Amino acid sequence: MKKARIGLYSVGLEAYWSQFPTLKERLLGYNQHVKDQIEQWADVCNFGLVDSEQAGRTAGEYFQENQVDLIFCHAATYCTSASILPIHRMCSVPVIFLNLQPTRQINYAKTSTEEWLAHCGACPVPEFANACHRANISYHVVNGLLGLTETPTVSIANEVTAEEPEAIAAWVQIKEWTVAATVKRSLQYSNFGFLGNTYSGMLDMYSDFTMLQSQLGIHVDVLEIGDLKEQLEQVLDEEVRTKRAEIESVFTISDDSHSDPIAKKPTEMQLNWAAKVAAAEEQLADQRNLAALTYYYHGAPGSEEEALQAGMIVGNSLLTAKHVPCAGEGDLKTNIAMKICDLLDAGGSFAEIVLTDYVEETILLGHDGPFHIAIAKDKPILRGMGLYHGKQGSGVAVEAKVKAGPVTTLNVTQTVEGNVKFIISEGIAIDAPIMQIGNTQTHVSFNEHPDAYMTRWFKEASTHHCALAVGNIASQLEKISVLLDVEYVISVNLPSSKSLNSN
């Protein structure tokens, strides 16, 4: 995780300071409040007041020198748009205008011009928006209350608004923008290991590495199965025992499945092999400073390479829980989706459509591994698999489901124009029965008939994998999409909104 670097300034009009002697200090107090709040989530580069064109030029240089990820312009009172335009021409990151009024209602009978000017932050925002639009500068606006916990001594209005709904809603948005900037910065410092190749024939998953690196800022580190094999040869017996103990503490070891003849109780040999491979994977992740790992390899039948790749699922699940999400079948785009969700502390488990339950009106989402243990309902189950369907080798697989409650799916795909696109859906995970076949499976309701939802989902040309995260985080993912400058569509789990709306 790399903390975002946020630029902040408040605005005013230089002519006011000699006319109204307490106004400047009062606005600087509001500026300090905004800075203190944002510093809970990010590093803040606070310029202070911009009140003239020259101050705007100086602020633009300051933000550019500090390489900020995002700029908040606190509209404290009126200011000319000519004062703020130089900032955003010099430093081309997106700007969020904060229209945060200090009070719910002024004291009309006693308010002076100076008092009014401390509350008229909305006045210049249309002017700022117009100037940015015509200058082709990306901007967004947050409206609401400032959220002070005490009223300044010079004020004649009640400015204690921290618990007011308009303040709470505004600061939720500000936090989401700040977290979005943190995700963007973190991706720019992330090494994604790509071990092996993409599952042959899965055309939706083939990735343009250059496109992904240039549009999202990630680095792709292409690995060989030999790199993992080298680490495996260095694993000590004591490390295997330690990893085996970790596995037994994290997972429930199954008995034979009552329904699937290929799903058995894992053997001692299988568990020890999974532990050794897991230890090697962790060493590889540390050695290559991996933030995530995309993998797929089959190897020649009966070869060491086949055995090595067949033992990876448990280790991949353990790594995923340690904030190094692992995506199977060589699906780098879904690995990116998983990493974004993990940076939001929302999990992000590797998933695809397993089947549709027309009785429950749910879609089962899951895969044959790995799984994000941190978002599991109960302890995940390990099953010994006599074979991996559609793949080579045999070994230990993970069976689990995401805990019940709000969930979000994030699908990262590539458009015909060669651009990244995010497909975001909100739903509800339902605690319902799943198959005992060594696969992850979660019932998800998208608040409408599954056929209607799937019709719209497939129309967006998604890949067949997605990241399954806990919480309804579409609003947060939307802001990440904006800061990354990628196309996105959203479906939210609300009765009044059942359609994917293009943005």
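**Close-up views of a predicted model**

**View 1. Glu 329 sits in the loop between strand 11 (326-327) and helix 14 (332-343).** Helices here are DSSP runs of H or I with at least four residues, strands are runs of E with at least two, and both are numbered from the N terminus. This is a predicted model, where local features need pLDDT of at least 70, side-chain atom pairs count only at pLDDT 80 or more, and totals for chains, interfaces and linings use all residues. Residues are numbered from 1 along each chain as its sequence is written, and side-chain values use heavy atoms, with hydrogens and water left out. Glu 329 isn't a glycine, yet its phi is positive, near 60°. With a relative accessible area of 5%, Glu 329 counts as buried (buried is under 20%, exposed is over 50%, partly exposed is in between, using a 1.4 Å probe and protein chains only).

**View 2. Asn 447 is in the loop between strand 18 (440-445) and helix 15 (450-459).** Here's another positive phi in a residue other than glycine, near 65°. Asn 447 is partly exposed, with a relative accessible area of 26%.

**View 3. Cys 120 lies in the loop between helix 5 (113-117) and helix 6 (125-134).** Its relative accessible area is 9%, so Cys 120 is buried. Skip the neighbours within four places in sequence, and Cys 120 is in contact with Thr 77 and Tyr 78 (contact means heavy atoms within 4.5 Å). Cys 120 and Tyr 78 are 42 residues apart along the chain, but 6.7 Å separates their C-alpha atoms.

**View 4. Helix 9 (residues 225-232) crosses helix 11 (residues 268-287) at roughly 110°, their axes coming within 8 Å.** Axes are lines fitted to C-alpha atoms, for helices over the stretch in contact, and angles run from 0 to 180 degrees between N-to-C directions. Helix 9 and helix 11 are therefore roughly perpendicular, a label for angles of 65 to 115 degrees. The contact involves Asp 227, Leu 228, Gln 231 and Leu 232 of helix 9, meeting residues of helix 11 that include Trp 273, Val 277 and Leu 284.

**View 5. Over residues 494-503, pLDDT stays under 50.** pLDDT is the predictor's confidence in each residue, from 0 to 100. For this stretch, the model has 26 contacts beyond four places in sequence. The chain's mean pLDDT is 93, and 96% of its residues reach 70 or more.

Key. Parallel < 35°, antiparallel > 145°, perpendicular 65-115°, else oblique.
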